Amino acid sequence: MQLTSFGAAQEVTGSAHLLEVNGKKILLDCGLFQGRRQESFDKNEANAKALKDADMIVLSHAHIDHSGNIPTLVKYGYKGPIYTTMATADLCGIMLLDSAHIQEKDWEYLQDHGMPMVSESPLYSTENAEEAQKLFVGMKYNEEEDIAQGVKLILRDAGHILGSALVELHITENGQTKVLGFTGDLGRKNMPIIQDPYQWKQLDYLIAESTYGGRLHDSYVDVEEKLIGIINEAIKNNGKIIIPAFAVERTQEIVYHLNLLQKNLKIPCLPIYVDSPLAINATEIFRRHPECFDDETNKKFLDEKEDPFGFGCLKYTRTTEESKALNDKKGPMIIISASGMCESGRILHHLKNNIENSKNIILVVSFMAKDTLGRAIAEKHRIVRIFGRPYIRRAKVHNINAFSAHADHQELVDYVQQIKGLQHIFLVHGEPQAARAIHYALDDIKAASRITISHPKKTYKL
Ligand SMILES: [Zn+2]
């Protein structure tokens with residue numbers, strides 16, 4: 001067998017690793033490159049042309065940097081199956097359509113404003129995303145599926161987002177069977193709602209992410225205490241708390257915590273609004289997949305026939321009118337809205353309307369990439385630009401850094417340490433510095449294993 005990384009090699013977007021075995025091409029993930037417009041378009045299109053003849057795709061989870069280039073492959077003729085969990089298949093149903101919509105809108109925007117075009121048409125269309133939906137084959141965790149001659153697939157829970165999977169392939173070549181693991185994105189223990197990551201005990205080969213190499217997260221334990229403090233501050237000032245949150249997972253986690261806090265009478269019943277159509281659709285999919293929930297969520301909610309994502313003080317606002325009406329409502333209240341990095345969507349209107357009022361609070365609960373409005377807010381800049389206009393930030397900013405859905409440096413190293421029999425470890429999905437930090441740490445404890453930081457497009461024989 002041989003392995004070639006077409007994306008997420010010494011970088012963190014565009015996850016796509018091609019495994020060639022017994023004459024079949026198995027593509028692990030088919031993610032979108034995200035970054036500078038022209039460069040991203042070119043990379044996404046080149047990958048689609050190079051990978052459209054794959055025999056099948058195995059998808060680790062629904063995040064766009066892992067799934068978002070599937071419609072481009074479909075546009076260029078890909079017709080094979082896409083194996084993934086049932087929850088991921090459902091999430092992709094809404095996320096790929098949303099991504100197509102963004103591609104189309106972005107393209108139209110450039111055209112309408114006479115800006116330099118990066119392409120003759122959008123990267124892909126709504127039709128391409130709809131066509132892709134038909135190719136998904138939903139699997140249960142821990143079930144075996146023969147996907148090619150001599151290749152058996154098992155999806156294990158990655159504990160990263162709803163439906164996320166660690167990909168386990170049992171590969172028989174020339175009468176010899178080897179087990180290869182691909183982490184996709186490895187989650188963390190003790191996250192709310194979803195289960196802890198499945199621990200592999202024995203593998204021959206591992207393709208491991210390394211996003212947080214060299215970095216550690218805050219402990220998750222005191223999240224609720226921090227939320228209580230921030231909510232009490234808003235109540236005292238009659239202010240609004242604006243929370244930019246990713247529509248999938250982070251929004252549901254925040255809602256879950258607020259639900260528990262109100263249920264346990266730790267905070268009063270102040271109005272809470274989830275103002276993001278994508279988040280509302282994603283929440284519906286969470287409700288459809290209780291098989292992905294952990295024991296705690298079952299005990300605290302489902303056993304008592306309660307909805308983790310619905311309670312008296314919480315309202316989901318779907319229409320534009322409902323969203324606009326929030327401007328005129330007086331605090332205290334909480335508004336959770338997307339996008340997570342404040343680059344588009346309804347969150348921009350809430351920031352514009354509330355950022356200049358010192359009574360209000362902006363609560364940052366996600367990683368904010370460089371050069372985004374979210375980053376400027378997280379770093380507490382005094383002047384920020386929204387819709388191209390400068391605003392004076394008078395609202396207070398609080399950061400809670402504990403919410404990350406990725407294993408940090410130590411969690412990842414501890415995880416790999418427990419896997420016996422590893423002959424070769426490939427490090428992917430990390431900036432060079434992060435991948436190197438993991439490489440050094442693993443070198444010390446995995447002396448018997450070969451460790452490679454994967455180069456883009458370089459083919460490794462196994
Ligand atoms: Zn992810």
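Colleague: How far apart are the centres of domain 1 and domain 2?

Modeller: Domain bounds here come from an automatic or database domain assignment. Taken over C-alpha atoms, the centres of domain 1 and domain 2 are separated by 29 Å. Domain 1 is 2–215 + 405–461, and domain 2 is 223–399. Keep in mind that this is a predicted model: local features need pLDDT of at least 70, side-chain atom pairs count only at pLDDT 80 or more, and totals for chains, interfaces and linings use all residues. Numbering starts from 1 along each chain as its sequence is written.

Colleague: And how many residues does the contact take from domain 1 and from domain 2?

Modeller: Two residues are in contact if their C-beta atoms, placed from the backbone, lie within 7 Å. Here 16 residues come from domain 1 and 18 residues from domain 2. On the domain 1 side, the residues divide into 12 nonpolar, two polar and two charged. For those classes, Ala, Val, Leu, Ile, Met, Phe, Trp, Tyr, Cys and Pro count as nonpolar, Asp, Glu, Lys and Arg as charged, and the others, Gly among them, as polar.

Colleague: Which residues have the most contacts inside the largest nonpolar core?

Modeller: First, burial: a residue is buried if 20 or more other C-beta atoms lie within 10 Å of its own, exposed if 12 or fewer, and partly exposed in between, with C-beta atoms placed from the backbone. A nonpolar core is a set of buried Ala, Val, Leu, Ile, Met, Phe, Trp, Tyr and Cys residues joined through C-beta atoms within 7 Å. The largest one has 124 residues, and L91, I243 and A282 have the most contacts inside it. Helix 4 (residues 86–112) gives this core its largest share, eight residues. Both domain 1 and domain 2 supply at least three residues each. Setting aside neighbours within four places in sequence, L91 touches A62, L162, G163, V248, A282 and I285. As for the helix and strand labels, they are DSSP runs numbered from the N terminus (helices H or I, at least four residues; strands E, at least two).

Colleague: Is T452 buried or partly exposed?

Modeller: T452 is partly exposed, because 17 other C-beta atoms lie within 10 Å. You'll find T452 in strand 21 (residues 450–453). Beyond its neighbours within four places in sequence, T452 is in contact with H424, F426 and Y460.

Colleague: What should I look for in backbone angles?

Modeller: Most residues other than glycine have a negative phi, and most peptide bonds are trans. N174, not a glycine, has a positive phi of about 50°. N174 sits in the loop between strand 9 (165–173) and strand 10 (176–182), and counts as exposed because there are 6 C-beta neighbours inside 10 Å. K305, also not a glycine, has a positive phi of about 55°; its loop runs between helix 9 (295–300) and strand 14 (314–316).

Colleague: Which residues does a cis peptide bond join?

Modeller: A338 and S339, with omega about 15°. The bond from G331 to P332 is cis too, with omega near 0°.

Colleague: In which sense do strand 17 and strand 18 pair?

Modeller: Two strands pair if DSSP finds at least two bridges between them. Strand 17 (residues 383–386) and strand 18 (residues 389–392) are antiparallel, over four bridges.
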